[in-house]
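Dear colleague,

I am passing on the structure below, together with some notes on what came out of it. Please read them alongside the coordinates.

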Amino acid sequence: MDSNRRPETMERITTKELADKFIAEQIEAVRAQVGEKKVLLALSGGVDSSVVAALLIKAIGKQLVCVHVNHGLMRKNESEGVVELFRNQLDANLIYVDATDRFLDLLAGVSDPESKRKIIGKEFIEVFADEARKLEGVEFLAQGTIYPDILESIKQAEGKKAVKSHHNVGGLPEDLKFELVEPVKLLFKDEVRVVGEALGLPHAMVYRQPFPGPGLGVRCLGAITRDRLHALREADAILREEFDIAGLAGKVWQYFVIIPDIKSVGVKDESRFEGWPAIIRAVNTKDAMSATIEEIPYSILNKITARITSEVEGINRVLYDITPKPTGTIEWE
Ligand code: XMP
């Protein structure tokens, strides 16, 4: 039987009881697969890799080596949160790599979106491979592959074209050969979340909004500069805080800030001030193939605008993108 095909008889995991059963089975399967050997995992802090990490910590404890690569394009306090949860609370074997300078130096002056994505994806693999080479006795690589990824690969193998190149840890260099451990590869996203909660991961992490692999890199439009990236990170943090306060955080599928590489004239402290606009995007979707716009109340937009323009250096306007997908993709790059 093809182990990459979900059996028709497989029950949909919708309850804690079913999740617990799945977890117990996977713990057995992982232990049988890896024995006493070490397993490496790229832990981004996203739902899928976090659930796999929590599952493997239960199954094999310190035999799991998690590597968190901070590419300098994470949201505010995101990497710190991954370290706090996995190293300090779950006692994981976690290597934290701050590769901010490596990524931002490579990206300097690069404005083409697909080139940016490729640089980020390639460098991510290189940083991860560098860490893997330093370790000894690792024969397995765990991945947060889920069933839609498998279905997408099948589609691509059949010759259908992807709109944007998405990245994960696939394509490691030739000298690094690992056997894969993919405990959630037959699950759909909603099932991964049920499993994550059954494993005791925080609700906010398990239900967090999707965040693209290239991170803020595709929201700091054109050639990334450190000052504009900083402004983006701060503005995005304010947006997320205000969505939390307004009770929109669990309701809206994805919401974030984009900063284009243009300036407009504004006024601050009675003098002319050229600044960037912060663009807000808040969308709802089922499968990310099409999306509708969340109608954020004006009072909330006003508050967000007042905070971003007064608290974030370099920003003098706030715009709200009301374009559905199509014609706009969810991300701007
Ligand atoms: P678009 O912009 O294509 O986005 O409408 C659809 C969904 O995919 C996410 N996205 C990415 N995720 N790597 C990822 O892991 C990427 O390069 C990437 N680009 C877009 C996007 O955030 C949205 O949820």
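Of the 333 residues of the protein chain, 51% are buried, where buried means under 20% relative accessible area, exposed over 50% and partly exposed in between, with a 1.4 Å probe and protein chains only. This is a predicted model, in which local features need pLDDT of at least 70 and side-chain atom pairs count only at pLDDT 80 or more, while totals for chains, interfaces and linings use all residues. Residues are numbered from 1 along each chain as its sequence is written, and side-chain values use heavy atoms, with hydrogens and water left out.

Among contacts (heavy atoms within 4.5 Å) with a separation of 6 or more, 77% join residues 24 or more positions apart.

Two residues may interest you. R6, in the segment before helix 1 (16-34), is buried, with a relative accessible area of 15%, and its side chain reaches the backbone oxygen of L186 at 2.7 Å. Not counting residues up to four places away in sequence, R6 touches several residues, including Y147, L187, F188 and E191.

K58, by comparison, lies in helix 2 (residues 47-60) and is partly exposed, at 47% relative accessible area; leaving aside neighbours within four places in sequence, K58 contacts I27, R31 and L199. Helices here are DSSP runs of H or I of at least four residues, numbered from the N terminus.

Best wishes

Key. Helix = DSSP H or I, 4+ residues; strand = E, 2+ residues; numbered from the N terminus. Polar contact = N/O pair within 3.5 Å; in protein donor to acceptor, adjacent residues only side chain to side chain.
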